[in-house]
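Please consult the sequence and the model shown here while reading.

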Number of protein chains: 2
Amino acid sequence: MSIDDGAVEVRAQGWRTLAALHGMIESELERSLTALRLSVVEYTVLDALSRQDGWHMRMQQLARATALSPSATTRLVTRLEDRGLLTRILCADDRRGIYTELTAAGRELYLEARPVHDETLERVLAEAEDRPELAVLARALHGIPVAAVQ
Amino acid sequence: MSIDDGAVEVRAQGWRTLAALHGMIESELERSLTALRLSVVEYTVLDALSRQDGWHMRMQQLARATALSPSATTRLVTRLEDRGLLTRILCADDRRGIYTELTAAGRELYLEARPVHDETLERVLAEAEDRPELAVLARALHGIPVAAVQ
DNA sequence: GGCAAGTCTTTGCGTGTGCAACTATTGCGT
DNA sequence: ACGCAATAGTTGCACACGCAAAGACTTGCC
């Protein structure tokens, strides 16, 4: 169609590689966290909340941090609340908004899960570097000096 | 715990970035393909099959290409078969295996979907390059000279 | 030939997800 | 003060997914 059909194909390949690496990491993390009865998104919530240094987080922020829809976020928070890992707090200044906060049990489980998560991530990335199709992207992850998705 | 806690944190940030970019690309692709009644995985199947130049593909290969479980692959193929986009072929040399092949309608829909897919991908990557947290990774996708996941 | 072990695919079941519709609350214009 | 649009979060519904068990077929070994 246009001149840079080749560039488009390069991007499509890059996207396939990204998707493959993402799927590989996610499924490994998923399996390593089942022992603690946590899914990857659930860990992401705990991680995001603890990263806020005891601060609250709105549902919408959580939805962006987990790349989930509002409805999925509602039920995710409900699940974790039912397990006593976090609490909903209706904040006074805007009564539409709802803040979530880790409980002591939530912080405890996070501290337990984090080394499992990190070791698995390290192992999977090492594996990925051995696969020629994934190596470049996997290595690119090491040197990325970015802030987390707010 | 160990000396390179910093390195671990760098990898964790890289993983969060990867997940964020992946989610962003996937949801945009999903929305752009709904007009053709295709999900991203369904497009991936069409793409993988057409990339085989009219050749067959085993269920298991399809499962790896889509990062899906065997059961999900079965139902995915069934969906596409019911729509007449591909056919199951029991191959003679190993009657455990089942090959799938695009029909004429499947190739037609793929040719229709591909430009939509590619243009969306290009647009999203351009957007990602403007976000400082995603820019490095998004740019890394341009120059990756890898083969597709077989 | 026949039985055991292994591989490829399919089905049953429970669960998480997105979309659309709904409720509650805020902010703005009149 | 009132209504009206916009925003935050929740619920109904249909659907796609993973896991575990079962079915179909192959391979190896006796």
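## Interface between chains A and B

In this predicted model, 6 residue pairs, both members at pLDDT 80 or more, are in polar contact between chain B and chain A. On the side of chain B that touches chain A, at least two residues each are supplied by helix 1 (5-33), helix 2 (40-51), helix 5 (104-130) and helix 6 (132-140) of chain B. Helix 1 of chain B gives the largest share of that side, with 18 residues. Sorted by class, the side of chain B that touches chain A consists of 24 nonpolar, 7 polar and 12 charged residues.

The size of an interface is often expressed as the accessible area lost when the parts come together. For chain B and chain A, about 3900 Å² is buried between them, and 68% of this lies on carbon and sulfur atoms. In terms of residues, 43 of chain B are in contact with 43 of chain A. Charged groups also meet across the interface, where 8 salt bridges are found. One of these joins Arg114(A) to Glu9(B), with the closest N and O atoms 3.2 Å apart.

## Contacts with DNA strand C

Individual polar contacts involve both bases and phosphate. An N or O atom in the side chain of Ser71(A) is 3.0 Å from a base nitrogen of DNA strand C. A polar side-chain atom of Arg75(B) lies 2.9 Å from a base oxygen of DNA strand C, whereas one of Gln60(B) lies 3.0 Å from a phosphate oxygen of DNA strand C. Two or more residues of the surface near DNA strand C come from each of helix 4 (70-82) of chain A, helix 3 (59-66) of chain B and helix 4 (70-82) of chain B.

## The sheet of chain A

Chain A contains an open sheet of 3 strands in the order 1-3-2, with antiparallel pairing. Strand 1 (57-58) and strand 2 (86-90) of chain A are the edge strands, each pairing on one side only.

Strand 2 and strand 3 (residues 98-102) of chain A run antiparallel and are joined by 5 bridges. Within this pairing, Arg88(A) has Thr100(A) in strand 3 of chain A as its bridge partner.

Methods: Residues are numbered from 1 along each chain as its sequence is written. Chains are lettered from A and ligands numbered from 1 in the order in which they are written. This is a predicted model: local features need pLDDT of at least 70, side-chain atom pairs count only at pLDDT 80 or more; totals for chains, interfaces and linings use all residues. Side-chain values use heavy atoms; hydrogens and water are left out. Contact means heavy atoms within 4.5 Å. Buried area is the accessible area (1.4 Å probe) that two parts lose on being put together, summed over both. A salt bridge is a side-chain nitrogen of Lys or Arg within 4 Å of a carboxyl oxygen of Asp or Glu. A polar contact is a pair of N or O atoms within 3.5 Å; within protein, one must be able to donate a hydrogen and the other to accept it, and residues adjacent in sequence count only if both atoms are side-chain atoms. Helices (H or I, at least four residues) and strands (E, at least two) are DSSP runs, numbered from the N terminus. Ala, Val, Leu, Ile, Met, Phe, Trp, Tyr, Cys and Pro count as nonpolar, Asp, Glu, Lys and Arg as charged, and the others, Gly among them, as polar. Two strands pair if DSSP finds at least two bridges between them.
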